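Please read each point with the sequence and the structure at hand.

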Amino acid sequence: MEKGDDMPDNRELYKKVLRENGLKVTTQRLAILEVLYSRPGRHMTAEEIYDLVKDDHPEIGLATVYRTIQLLSDLDLIDKLNLDDGYVRYEIGVRNQDSECHHHHHLICQDCGQIFAFQDDLLNDLEEKIEEATGFRVKDHEVIFYGHCKKCLNG
């Protein structure tokens with residue numbers, strides 16, 4: 001999915017969230033958000049984000065990308081993932097400011113290393129039972145399934 005008609009709405013949302021958190025709206029911050037938004041389902045490292053952003057913004061430095069990614073992660077605009085491959089990866093945030101967090105899970109092929117997102121949250125009932133039984137309210141969770149993708153199984 002490349003940038004499309006929805007980008008201006010998201011850009012305005014990103015500007016609003018940055019301003020509401022007392023942050024300046026900068027070209028670098030918007031560029032990083034747009035790179036992630038235009039690549040849903042990709043789980044990119046800071047270096048991969050940097051390589052894509054610097055194509056349109058050659059003045060940006062890797063340190064700026066790292067600082068911006070940390071800031072955007074702290075604001076829940078992007079999600080930080082540790083998929084046990086030695087890299088911290090990032091994707092556009094799945095949280096909506098006006099609703100509960102929408103979870104999705106990750107599937108990692110142990111043969112080719114490809115990462116898939118599974119959008120159905122199967123743990124809502126479990127979270128409710130945990131709260132009923134213990135009074136503990138789950139605010140977030142991360143689930144990673146390891147296995148073999150269809151291509152590798154049939155390959």
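1. Tyr50 lies in helix 3, helices (DSSP H or I, at least four residues) and strands (E, at least two) being runs numbered from the N terminus. The residue is buried, with a relative accessible area of 19%; buried means under 20%, exposed over 50% and partly exposed in between, for a 1.4 Å probe and protein chains only. Leaving aside neighbours within four places in sequence, Tyr50 is in contact (heavy atoms within 4.5 Å) with Ile60, Gly61, Leu62 and Val65. Between the C-alpha atoms of Tyr50 and Gly61, which are 11 residues apart along the chain, the separation is 7.8 Å.

2. The model is predicted, with local features requiring pLDDT of at least 70 and side-chain atom pairs counting only at pLDDT 80 or more, while totals for chains, interfaces and linings use all residues. Residues are numbered from 1 along each chain as its sequence is written, and side-chain values use heavy atoms, with hydrogens and water left out.

3. How do helix 3 and helix 4 pack? Helix 3 (residues 46-56) and helix 4 (residues 62-74) meet at an angle of about 120 degrees, and their axes are 10 Å apart. Here axes are lines fitted to C-alpha atoms, for helices over the stretch in contact, and angles run from 0 to 180 degrees between N-to-C directions. Helix 3 contributes Ala46, Glu47, Ile49 and Tyr50 to the contact, and helix 4 contributes Leu62, Val65, Tyr66 and Ile69. By class, the contact has 7 nonpolar, no polar and 1 charged residues, where Ala, Val, Leu, Ile, Met, Phe, Trp, Tyr, Cys and Pro count as nonpolar, Asp, Glu, Lys and Arg as charged, and the others, Gly among them, as polar.

4. Ser73 lies in helix 4 and is buried, at a relative accessible area of 13%. Not counting residues up to four places away in sequence, Ser73 touches Ile78 and Lys80.

5. Helix 2 (residues 27-37) is largely enclosed by the rest of the structure, because 9 of its 11 residues are buried. Among them are Arg29 and Glu34, as well as Leu30, Ile32 and Val35.

6. Why does the count of disulfides come to 0? A disulfide is a pair of cysteine sulfur atoms within 2.5 Å. The closest cysteine sulfur to that of Cys109 is in Cys152, 3.7 Å away and therefore too far for a bond. For Cys149 the closest is also in Cys152, at 3.6 Å, so again too far for a bond. Cys109 counts as buried at 3% relative accessibility, and Cys149 is buried at 10%.

7. The chain has 6 helices and 5 strands, running α-α-α-α-β-β-β-β-α-β-α from the N terminus. Of its 155 residues, 35% are buried. Among contacts with a separation of 6 or more, 51% join residues 24 or more positions apart.

8. Confidence is given by pLDDT, the predictor's confidence in each residue, from 0 to 100. The chain mean is 82, and 86% of residues reach 70 or more. Confidence is lowest in helix 1 (residues 7-20), at a mean of 77, and highest in helix 3, at 95. Over residues 1-7 pLDDT stays under 50, and the model has 10 contacts for them beyond four places in sequence. Over residues 95-101 pLDDT also stays under 50, with 8 such contacts.
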